[in-house]
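Have a look at the picture, then read on.

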Amino acid sequence: EVRVSVFDLTGRRIRTLHDGPLAPGWHTLRWDGRDDAGRPGASGVYFLQARANEQSVTRKMFLLK
């Protein structure tokens, strides 16, 4: 089970890009800058977090409009 989510600077989850099984290997997920309700996000800094089992990786990203 893999969960990939986007968070804002306050730690609030903005969007879940994937939540379920993924085969081993490289995958591409795209974020259109919208939250789970479809509202557009503001330009700024966001964090992408991928969690699988007990492992987690977080990366900083920027949304520019």
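Let's start with Asp19, which is found in strand β2. Strands here (E, at least two residues) and helices (H or I, at least four) are DSSP runs, numbered from the N terminus. This is a predicted model, in which local features need pLDDT of at least 70 and side-chain atom pairs count only at pLDDT 80 or more, while totals for chains, interfaces and linings use all residues. Residues are numbered from 1 along each chain as its sequence is written, and side-chain values use heavy atoms, with hydrogens and water left out.

Is Asp19 buried or exposed? Asp19 counts as exposed because its relative accessibility is 54%; the cut-offs are under 20% relative accessible area for buried, over 50% for exposed and partly exposed in between, using a 1.4 Å probe and protein chains only. Setting aside neighbours within four places in sequence, Asp19 is in contact with Val2 and Arg3, where contact means heavy atoms within 4.5 Å. Pro40 is 21 residues from Asp19 along the chain, and the C-alpha atoms of the two are separated by 21 Å.

His18 also lies in strand β2, which covers residues 13-20. With neighbours within four places again left out, His18 is in contact with Val2, Arg3, Val4 and Leu29.

Val4 lies in strand β1. Val4 counts as buried because its relative accessibility is 8%. Which residues does Val4 contact, leaving aside neighbours within four places in sequence? They are Arg15, Thr16, Leu17, His18, Leu29, Leu48, Gln49 and Ala50.

Asp8 sits in the loop between β1 and β2. With a relative accessible area of 12%, Asp8 is buried. Its side chain reaches the backbone nitrogen of Arg12 at 2.9 Å. Not counting residues up to four places away in sequence, Asp8 touches Ile14, Tyr46 and Phe47.

Gly11 is in the loop between β1 (2-7) and β2 as well. Gly11 is partly exposed, at a relative accessible area of 46%.

Here are some C-alpha to C-alpha distances for pairs that are apart in sequence.

| Pair | Apart in sequence | Apart in space |
|---|---|---|
| Val4 and Leu17 | 13 residues | 5.4 Å |
| Gly11 and Phe47 | 36 residues | 8.5 Å |
| His18 and Asp35 | 17 residues | 13 Å |

**A loop further along**

Asn53 lies in the loop between β3 (44-52) and β4 (55-63). What is the phi of Asn53? It is positive, about 55°, although Asn53 is not a glycine. Most residues other than glycine have a negative phi. Asn53 counts as exposed, at 76% relative accessibility.

**The whole chain**

Now for the wider view. The protein chain has zero helices and four strands, and read along the sequence the pattern is β-β-β-β. What radius of gyration does the protein chain have? It has 12 Å, which agrees with the value near 11 Å that a compact globule of 65 residues would have. That radius is taken over C-alpha atoms, and the globule rule is 2.2 Å times the number of residues to the power 0.38. The C-alpha atoms fill a box of roughly 35 × 20 × 20 Å, taken along the principal axes.

Buried residues make up 25% of the 65 residues in the chain. Among contacts with a separation of 6 or more, 31% are between residues 24 or more positions apart. The accessible surface comes to about 5100 Å², and 51% of it belongs to carbon and sulfur atoms; such areas come from the Shrake-Rupley method with a 1.4 Å probe, and for residues only the protein chains shown count as cover.

Methods:
A polar contact is a pair of N or O atoms within 3.5 Å; within protein, one must be able to donate a hydrogen and the other to accept it, and residues adjacent in sequence count only if both atoms are side-chain atoms.
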